[in-house]
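Dear colleague,

Please find the structure handed over below, together with its sequence. I would be grateful if you could read the notes after it with the model open.

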Amino acid sequence: MTATPASLRGRAEAEAARFPPLLARAERLAGSVLLGEHGRRRAGMGDDFWQYRPLQQGDPRRLIDWRRSARSDVQFVREREWQIAQSVMLWVDSAASMRFSSDPDLPEKADRARLIGLAAAVLLLRSGERVGLTGSALPPRRGEAQIARLAVILSEDAAAEDYGTPEARGMLPHSRALFISDFMGDVEPVRAALTKAADRGVRGVLLQVLDPVEEAFPYRGRAIFESVGGTLAHETLKANDLRDRYLERLATRKAELEHLCAATGWRYGCHHTSESAQSALLWLYRAIEDGGRAR
């Protein structure tokens, strides 16, 4: 079933509604400090009141709050809260491999990835963050209108290539990022993207989405394995003989991704389409709230 922007947004908001607004906590904000709707509890730019404090030597008289000072023998300054909005960049793989589903009752990996990605964006946007797509398709913005823009782009047809390549362009220095894919293609573009991100002070979360069959490899006897895009094919008379080698390579790939994330300050997680989208969103909620720090 082809997802429409309206249906995708509705489902994503339903998932997001079960959690409180997600606040991406930035540790390094140089170069991307912006006015937002939530604060860091320190004095500075912003509109929201933070605290009164006694007038100190060197404070300009225009900062004095005369109404508060009239109730005391001390003159008080009204301080405002320093407010920031964190930019969070999203990449959701749309390659052909993401169209795979082993069972009609299971969603395609692409459908699950879009849903999780947009649900996370809803949480971020509603807590005042700026969310955009890596590359140049959609710069980070705030507000409800950005949800609609994201839903439209994420609902577009899958790309023609078999495997997706992470897009690392357009990421602001010291921002946050979320990459969602099956990561079954060449690992080197992933390594290059995360290395480039780390060089710019970007930390984030890498979520691998897999169909349960891709973890179990239950095939026996004669089988023809063909990529979803149709460019790769392999026929064997003894599929069960491939099982151990396949599972070993999959374990190696997952270990590579986890090690790469640890080396670049990212978090790695794996989600199966047989699990609830809620479980993945809960994990992302905790991972992004933690600032994407590797553990």
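The notes below cover the strands, the helices and the salt bridges in turn.

Please bear in mind that this is a predicted model.

Strands and crossovers

Strand β4 (residues 87-92) runs parallel to strand β5 (residues 130-133), and four bridges join the two. Within this pairing, serine 87 has arginine 130 of β5 as its bridge partner. Together with helix α3 (residues 109-126), β4 and β5 make a right-handed β-α-β unit.

β4 also pairs with β6 in the parallel sense, over five bridges. Here tryptophan 91 has phenylalanine 179 of β6 as its bridge partner. Strand β7 (residues 203-210) is likewise a parallel partner of β6, over six bridges, and phenylalanine 179 stands opposite leucine 206 in β7. From β6 the chain passes through helix α5 (residues 188-199) to reach β7, in a right-handed β-α-β crossover.

Strand β6 (residues 176-181) has six of its six residues buried, so the rest of the structure largely encloses it. Arg176, Leu178 and Ile180 point one way from the strand, while Ala177, Phe179 and Ser181 point the other way.

One face of a helix

In helix α4 (residues 144-154), the buried residues are Gln146, Ile147, Leu150, Ala151 and Leu154. Viewed down the axis of α4, these residues fall within an arc of 140°, so they line one face of the helix.

Salt bridges

The structure holds seven salt bridges. One of them joins the side chains of arginine 114 and aspartate 111, at 3.7 Å from N to O. These two residues are three apart in helix α3, which means that about one helical turn separates them. Both arginine 114 and aspartate 111 are buried.

In helix α5, glutamate 188 and arginine 191 are also three residues apart, about one turn of the helix, and their side chains meet in a salt bridge of 3.4 Å, N to O. Glutamate 188 is partly exposed, at 42% relative accessible area, and arginine 191 is partly exposed at 30%.

Glutamate 215 forms a salt bridge with lysine 254, with the closest N and O atoms 2.7 Å apart. This pair links distant parts of the chain, since glutamate 215 lies in helix α6 (residues 212-216) and lysine 254 in helix α7, 39 residues apart. Glutamate 215 is partly exposed, at 23% relative accessibility. Beyond its neighbours in sequence up to four places away, lysine 254 touches Gln208, Glu215, Tyr268 and Cys270.

Finally, a network of salt bridges links Lys109, Asp182 and Glu214.

With kind regards

Technical notes
Residues are numbered from 1 along each chain as its sequence is written. This is a predicted model: local features need pLDDT of at least 70, side-chain atom pairs count only at pLDDT 80 or more; totals for chains, interfaces and linings use all residues. Side-chain values use heavy atoms; hydrogens and water are left out. Two strands pair if DSSP finds at least two bridges between them. A crossover is right-handed if, with the strands pointing away from the viewer, the path from the first strand over the helix to the second runs clockwise. Buried means under 20% relative accessible area, exposed over 50%, partly exposed in between (1.4 Å probe, protein chains only). The arc is that of the directions from the helix axis to the C-beta atoms. Contact means heavy atoms within 4.5 Å. A salt bridge is a side-chain nitrogen of Lys or Arg within 4 Å of a carboxyl oxygen of Asp or Glu.
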